[in-house]
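The sequence and structure are shown here, and the terms are defined as they come up.

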Amino acid sequence: MKLIIDSGSTKMHLCLLAPDGSHHQWERPGVNALTASPEELRAIFSNEEWPRLRRVYFYGAGMTGTDVRDKITGALPPADLCPEIESDLLGAARALFPGGQHGIACILGTGSNSGLFDGRAITRNIPPLGFIIGDEGSGTSIAKNFLRRLYRGEYPPELLTLFEQELGLTYADVLQGVYRRPAANRFLASLTRFIKSHIDSFPALRETVIESFDSFQTNVTARYGERRIGFIGGIAVAFREELLRVFSPQYQIIDIQERPMDGLIKYHSKQPL
């Protein structure tokens with residue numbers, strides 16, 4: 001039995017893959033391997049009763065060094081063979097470009113990331129820099145642009161009224177969510193649901209989303225010098241129309257997927273241990 005884990009900052013997807021190809025999938029709250037403590041990581045995996053595992057494959061956000069990988073290794077359920085621990089970016093690339101294809105693999109979710117994939121490995125990665133400095137094209141980036149314009153009066157005034165009524169958030173609540181409470185990135189990204197639900201009624205919201213995708217294209221993907229590109233993540237799927245408007249003229253878009261797990265199941269079904 002193989003265990004495949006794909007963990008972003010907001011959601012973790014898990015799959016038990018049997019030798020005959022049958023599988024069982026479920027979700028847990030996500031975790032960032034860089035910022036989570038060893039205790040938090042152990043708690044996630046200690047609450048399950050695991051079958052005998054031949055190998056564990058972990059793809060995660062925040063995989064930046066040996067110390068992070070060691071932290072993950074110490075938290076994973078036991079298996080016969082050493083775990084394979086990789087970045088969520090490699091997981092996205094394996095799902096987007098099967099059979100040794102190449103291209104730019106992009107993750108657009110709560111945060112964003114990208115990398116140049118040669119069919120086997122990520123050969124170049126422009127650092128995403130996190131939601132405070134970078135993460136262009138992500139849910140947090142879109143939400144920051146939205147809040148800035150909302151409170152500075154750049155949208156029709158009825159949009160602010162609608163925002164406060166539907167979400168029950170005041171200006172003070174927003175500042176608390178961003179500057180005082182933990183997981184500010186998740187709080188910001190959650191606001192994209194409001195943007196999505198009203199994007200057809202307020203054209204300026206569509207401009208805000210396109211602006212964020214434009215920034216991702218200009219500052220990140222254009223630097224790779226590659227025209228084949230694929231996207232994974234809830235933001236890529238939710239704002240597919242706006243994403244295509246920005247990228248279709250310049251790139252060959254291979255695929256847009258909400259999550260990589262289905263592709264990873266196919267990949268690891270064909271891979272020897």
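## Salt bridges

A salt bridge is counted where a side-chain nitrogen of Lys or Arg lies within 4 Å of a carboxyl oxygen of Asp or Glu. The structure is a predicted model, in which local features need pLDDT of at least 70 and side-chain atom pairs count only at pLDDT 80 or more, while totals for chains, interfaces and linings use all residues. Residues are numbered from 1 along each chain as its sequence is written, and side-chain values use heavy atoms, with hydrogens and water left out.

The structure holds twelve salt bridges. One of them joins the side chains of glutamate 27 and arginine 259 at 3.5 Å, N to O. Since glutamate 27 lies in strand β3 (residues 23-29) and arginine 259 in the loop between β10 (252-257) and α13 (261-270), the pair ties together parts that are 232 residues apart in sequence; helices (H or I, at least four residues) and strands (E, at least two) are DSSP runs, numbered from the N terminus. Relative accessible area is classed as buried under 20%, exposed over 50% and partly exposed in between, with a 1.4 Å probe and protein chains only. Glutamate 27, at 42%, counts as partly exposed, and so does arginine 259, at 29%.

## A salt-bridge network

Asp200, Arg206, Glu241, Glu242 and Arg245 are linked in a network of salt bridges. Within it, glutamate 241 bridges to arginine 206, with the closest N and O atoms 3.9 Å apart. This pair links distant parts of the chain, since glutamate 241 is in helix α12 (residues 240-247) and arginine 206 in helix α10 (residues 203-219), 35 residues apart. Glutamate 241 is partly exposed at 46% relative accessibility, whereas arginine 206 is buried at 14%.

Glutamate 241 also forms a salt bridge with arginine 245, where the closest N and O atoms are 3.6 Å apart. These two residues are four apart in helix α12, and are therefore separated by about one helical turn. Arginine 245 is partly exposed, with a relative accessible area of 48%.

## Aromatic rings

Rings of Phe, Tyr and Trp (its six-membered ring) pair if their centres lie within 6.5 Å, and planes under 30 degrees apart count as stacked, over 60 as edge-to-face and the rest as tilted. By this rule there are ten aromatic pairs. The rings of phenylalanine 146 and phenylalanine 194 have centres 5.9 Å apart and planes at 45 degrees, so this pair is tilted. Because phenylalanine 146 lies in helix α5 and phenylalanine 194 in helix α9 (residues 192-198), the pair ties together parts that are 48 residues apart in sequence. Phenylalanine 146 is buried at 0% relative accessibility, and phenylalanine 194 is buried at 3%. Ring pairs link Phe146, Tyr155, Phe163 and Phe194 into a cluster.

## Burial of helix α3

Helix α3 (residues 88-96) is mostly covered, with nine of its nine residues buried. Among them are Asp88 and Arg94, as well as Leu89, Leu90 and Leu96.

## The second largest pocket

About 420 Å³ of space lies in the second largest pocket. Of the 14 residues that line this pocket, Lys144, Leu147, Leu175, Val178 and Tyr179 are the closest to its centre. A pocket here is found on a 1 Å grid over the protein atoms alone, as an open set of points where a 1.4 Å probe fits, with protein on both sides within 12 Å along at least five of seven lines, and lining residues have an atom within 4 Å of a point. The largest share of the lining, five residues, comes from α7.

How values were computed
Points joined across faces, edges and corners; volume = space filled by probe spheres on them.
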